[in-house]
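Please look over the structure shown here before reading the briefing that follows.

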Amino acid sequence: MPQVQSVLGPVDPGALGHCQIHEHIFLRPTPMTERNAALRFDDFDRSLAELRRYREAGGTSLVDAQPAAAGRDGGALERLSRESGVAVIASTGYHLLDFYPEDCWVHRLEEDALCALYQSELETGLLPWEADPSHRPETALAVRAGLVKAAIPAEGPVGRYKTLLRAAARAAANTGAPLMLHTERGLRAQEALEVCFSAGVRPEKLVVCHADRQAGDPAVHDAIASAGVYLDYDTVARPKYHSDEEEIALLCRALERGYAGRILLALDTTAQRLCAYGGEIGLDHLLRRFLPLLRQRGFGEETVSGFNRANCQRLFDG
Ligand SMILES: [Zn+2]
């Protein structure tokens with residue numbers, strides 16, 4: 001029986017309950033957070049309060065989608081999980097290069113060393129958070145990652161991103177952990193998926209993020225879904241991209257086209273979206289508002305609960 005590695009240890013995928021596949025709950029400063037106030041949320045008590053609200057609403061697990069040296073603090077995630085009762089699954093891998101200062105090792109390590117590092121975060125333990133980004137800590141925490149995060153810019157898996165993506169995909173293939181791919185509105189996702197497939201990652205272990213930031217072009221969604229991978233839809237309650245009506249139209253289309261079983265719903269939270277930081281909606285928004293809205297619109301119970309339960313479970317289980 002496959003197990004999901006949470007920061008508190010292995011969990012049976014069937015016990016994940018309501019899981020949001022792409023969230024951010026606590027973030028240490030990075031060059032990106034210097035430029036964007038919405039990415040500043042490193043107050044332990046506020047993050048804990050947010051998780052407790054989520055737990056009260058029925059949220060039992062989530063993936064923290066921030067990898068090493070991009071603001072992730074595995075020790076804080078472990079304490080937050082323990083004190084809130086929410087199973088937090090940490091990510092290894094890499095994010096967009098803007099998250100890392102120029103002197104960070106992420107820019108320089110070779111593919112084999114990156115792959116070994118990601119694999120050791122999945123199998124042994126996370127690198128601890130390090131205030132000096134040029135320094136790569138040698139001693140790992142006793143907290144493991146349960147998923148590999150990767151990212152491609154709008155240009156696709158080119159230059160340094162190709163090396164990073166190959167390393168991440170190999171680590172996912174070697175360990176059986178899922179790989180979650182940040183994209184810019186789904187652009188060039190197919191090219192990145194090809195890199196993952198050729199490294200040996202099976203489609204049912206892959207998640208493409210943020211395709212729903214372009215609700216206007218459903219063909220992009222159909223093309224990604226036809227590869228047999230999961231789609232993370234997290235552009236709920238984000239009017240700067242589109243209305244929730246358009247998000248619901250995308251979900252209707254997925255249902256009609258037969259890929260609702262490949263949709264995972266999340267919120268990709270930032271300080272701007274977390275209530276405990278004065279944000280607009282809260283980590284519990286899907287549970288309290290959006291899923292009930294889908295039920296009102298006639299989505300069946302099995303479909304609605306599948307977005308955060310059965311589909312997530314299958315991703316980790318398969
Ligand atoms: Zn994210």
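**Helix H4 against helix H5**

The axes of H4 and H5 come within 8 Å of each other and cross at roughly 40°, in a model that is predicted.

- On the H4 side, the contact is made by Glu111, Leu114, Cys115, Tyr118, Gln119, Leu122 and Glu123, while H5 contributes Thr163, Leu164, Arg166, Ala167, Ala168, Arg170, Ala171, Asn174 and Thr175.
- Sorted by class, the residues of this contact between H4 and H5 divide into 8 nonpolar, 4 polar and 4 charged.
- Alanine 113 is also found in helix H4, and because it has 13 C-beta neighbours inside 10 Å, alanine 113 counts as partly exposed.
- Along the chain, alanine 113 and alanine 167 are 54 residues apart, yet their C-alpha atoms are separated by 8.3 Å.

**Helix H5 against helix H6**

- Helix H5, which covers residues 160–175, packs with helix H6, residues 189–198, at an angle of about 45°, and their axes are 8 Å apart.
- With that angle, H5 and H6 are therefore oblique to each other, and the crossing of H5 and H6 is right-handed.
- The residues that make this contact are Lys162, Leu165, Arg166 and Ala169 of H5, together with Ala192, Val195 and Cys196 of H6.
- The contact of H5 with H6 divides into 5 nonpolar residues, no polar ones and 2 charged ones.

**The two faces of helix H6**

- Which residues of H6 are buried? They are Ala189, Ala192, Leu193, Val195 and Cys196.
- These residues lie on the same side of H6, because they cover an arc of only 155° around the axis.
- The elements against which the buried residues of H6 pack are H5, strand S7 (179–182), strand S8 (206–209) and helix H7 (218–226).
- On the face of H6 turned away from its buried side, the exposed residues Glu194 and Ser198 are carried.
- Just after H6, glycine 200 takes a positive phi of about 100°.

**Helix H2 against helix H3**

- The axes of helix H2 (residues 44–56) and H3 come within 9 Å and cross at roughly 45°, and that angle makes H2 oblique to H3.
- As for handedness, the crossing of H2 and H3 is right-handed.
- From H2, the residues Phe44, Ser47, Leu48, Leu51, Arg52 and Arg55 meet Ala76, Leu80, Glu83 and Ser84 in H3.
- When the residues of the contact of H2 with H3 are divided by class, 5 are nonpolar, 2 are polar and 3 are charged.

- Valine 106 is found in the loop that lies between strand S5 (87–93) and helix H4 (111–123).
- If its neighbours within four places in sequence are left aside, valine 106 is in contact with Ala69, Tyr94 and Tyr100.
- Valine 106 and glycine 146 are 40 residues apart in sequence, and from C-alpha to C-alpha they are 20 Å apart in space.
- Alanine 69, one of the contacts of valine 106, lies in the loop between strand S4 (59–64) and helix H3 (74–84).
- Alanine 69 counts as buried because it has 24 C-beta neighbours inside 10 Å.

- Most residues other than glycine have a negative phi.
- Alanine 69 is not a glycine, although its phi is positive, at about 65°.
- Arginine 185, also a residue other than glycine, has a positive phi near 55°.
- Arginine 185 is found in the loop between S7 and H6, and it is partly exposed, because 18 other C-beta atoms lie within 10 Å.

Definitions and conventions: Residues numbered from 1 in each chain as written. Predicted model: local features only at pLDDT ≥ 70, side-chain atom pairs only at ≥ 80, totals over all residues. Axes fitted to C-alpha atoms, helices over the stretch in contact; angles between N-to-C directions. Helix = DSSP H or I, 4+ residues; strand = E, 2+ residues; numbered from the N terminus. Parallel < 35°, antiparallel > 145°, perpendicular 65-115°, else oblique. Left-handed = near helix turned anticlockwise from the far one by under 90°. Contact = placed C-beta atoms within 7 Å. Nonpolar A, V, L, I, M, F, W, Y, C, P; charged D, E, K, R; others polar. Buried ≥ 20, exposed ≤ 12 C-beta atoms within 10 Å, placed from the backbone. Arc of directions from axis to C-beta.
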